[in-house]
Amino acid sequence: MIEKTTQTTWRNSLAIYMHRRAIILFFLGFSAGLPLMLVFSSLSFWLREADVSRATIGFFSWVGLAYGLKWVWSPLVDKLPLPWLGKRLGRRRSWLLLSQLGVAGALAGMGVTDPANNLGTMALFAVLVAFSSATQDIVIDAYRIESAEQRLQAALAATYMVGYRLAMLLATAGVLSIAAWFSTTGDNSYELYPWQIAYLAMAGFMGIGIVTTLLIAEPEAPEQPVAERKARQWLSEYAFIPTCLQKPAGWFYGAAVSPFVDFVRRYRWHAVVILALISTYRISDIVMGIMANPFYVDLGYTKEEVATVSKVVGVIMTLVGAAFAGGLMIRLGIMRVLFISGLMVVVTNLMFAWLATLGHDLLWFTVVISLDSLAGGMAAAAFIAYLSSLTNISYCATQYALLSSVMMLFPKFVAGFSGVMVDHMGYSAFFVVSALIGLPALVLIVFASRFSSVSQ
């Protein structure tokens, strides 16, 4: 009887992943995960083959600042209905469709641009991809929270992550494989046509997200926040401003001010430590990651080798790391796993410094990439859990956008100088530096864990 009950419980637990909302989040996760690597990892490979300097490639990473600044326009996306589209699709779906069309169009623009001759045009299209992609992230986070009750949220997050990672695999290994397939030289010499085919294909794959958006239903609009109602009441009773401006002022307070005030009110001076931790935790990964593909090219690894090891094996190990971290957090708590995975990222960056001294060695390349991806998967899972624990459910969309933006902003700015650093000190010293700049985050974890409300 006990065994039968256990089997029924497991069956019910697994069945939740076949829920319609979970399947929707799988496809939306795919749409969200596709653009990211196309303006970072794969683009840096393309630029390096086109003989773009490492310093310029590093500066190109600043297009990712859009992900770090998305909190600026997240209140507009969260509250402002779009004209015409909003009436036909609803607030969430209209913003989602607009952002997806922006990503697809900008990817097609990248696909018809030659960075060797039109680097500025390529940069403009990359910025548009990043801006549209960051907007899409804001909408999907809000859609996930509003579209299902609490018991489904874990399943929605899990299927979203699977779709996201599969899209990242397509945007890295898939792009490199397509470019290699259409290459006529068989080596790393630059050809424009294969890269154009690859990026135009990625623009086409954005159709998966567009079709999903057209088929899904608009979630019910949440009730007006208490803070916004109180602000409007105060404005109507005490503020000496025209009546026509009271409603917009109340909306602005509820949408843009209240989420930030709530965060500071809950954490007080601890908010400074928390924000410092968030802004530095992923810095080692992000700074090192910009120069990863130029490093592989300069060491003589082919597209096929990078696609197989770095993108396929790496993604698999990332998923393994995320799953392992999830189980480990249950036993040790979020903060301890946050520290362990952060330390592992530092160590694996040092392994890249050692790999730079070996030259072209496929065996150790596979070992280092596997360990680095395992550490990265653990760090990502622990960090998402930590960020989620900090948000207030009443303002989760805007606060999560704020916290995830803080995570990206400073590391992306520093990463812009990664190419200059490599040019001045070489790869080995660069990887050592990228490891050392991750140490302050470990110290901040120790401080933050002393007053953290999450499990220790």
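Leaving aside neighbours within four places in sequence, Ser418 is in contact (heavy atoms within 4.5 Å) with Gly58, Val287, Ile290, Met291 and Phe430. This is a predicted model, where local features need pLDDT of at least 70, side-chain atom pairs count only at pLDDT 80 or more, and totals for chains, interfaces and linings use all residues. Residues are numbered from 1 along each chain as its sequence is written, and side-chain values use heavy atoms, with hydrogens and water left out.

**Exercise 1.** Work out whether Ser418 is buried or exposed.

*Solution.* Start with the cut-offs: buried means under 20% relative accessible area, exposed over 50%, and partly exposed in between (1.4 Å probe, protein chains only). Ser418 has a relative accessible area of 0%, so Ser418 is buried. Helices here are DSSP runs of H or I with at least four residues, numbered from the N terminus.

**Exercise 2.** Find which residues Gly163 touches.

*Solution.* First, locate Gly163 in helix H10 (residues 150-181). Then set aside residues up to four places away in sequence; Gly163 touches Phe26, Gly29 and Phe30. Now look at Ala32: 131 residues separate Ala32 from Gly163 in sequence, yet their C-alpha atoms are 8.5 Å apart. Finally, Gly163 counts as buried because its relative accessibility is 0%.

**Exercise 3.** Identify the residues with the most contacts inside the largest nonpolar core.

*Solution.* A nonpolar core joins buried Ala, Val, Leu, Ile, Met, Phe, Trp, Tyr and Cys residues through side-chain atoms within 4.5 Å. The largest has 121 residues, and Leu107, Ile278 and Tyr386 have the most contacts inside it. Helix H20 (residues 362-390) gives the most to this core, with 12 residues.

Technical notes:
Helices (H or I, at least four residues) and strands (E, at least two) are DSSP runs, numbered from the N terminus.
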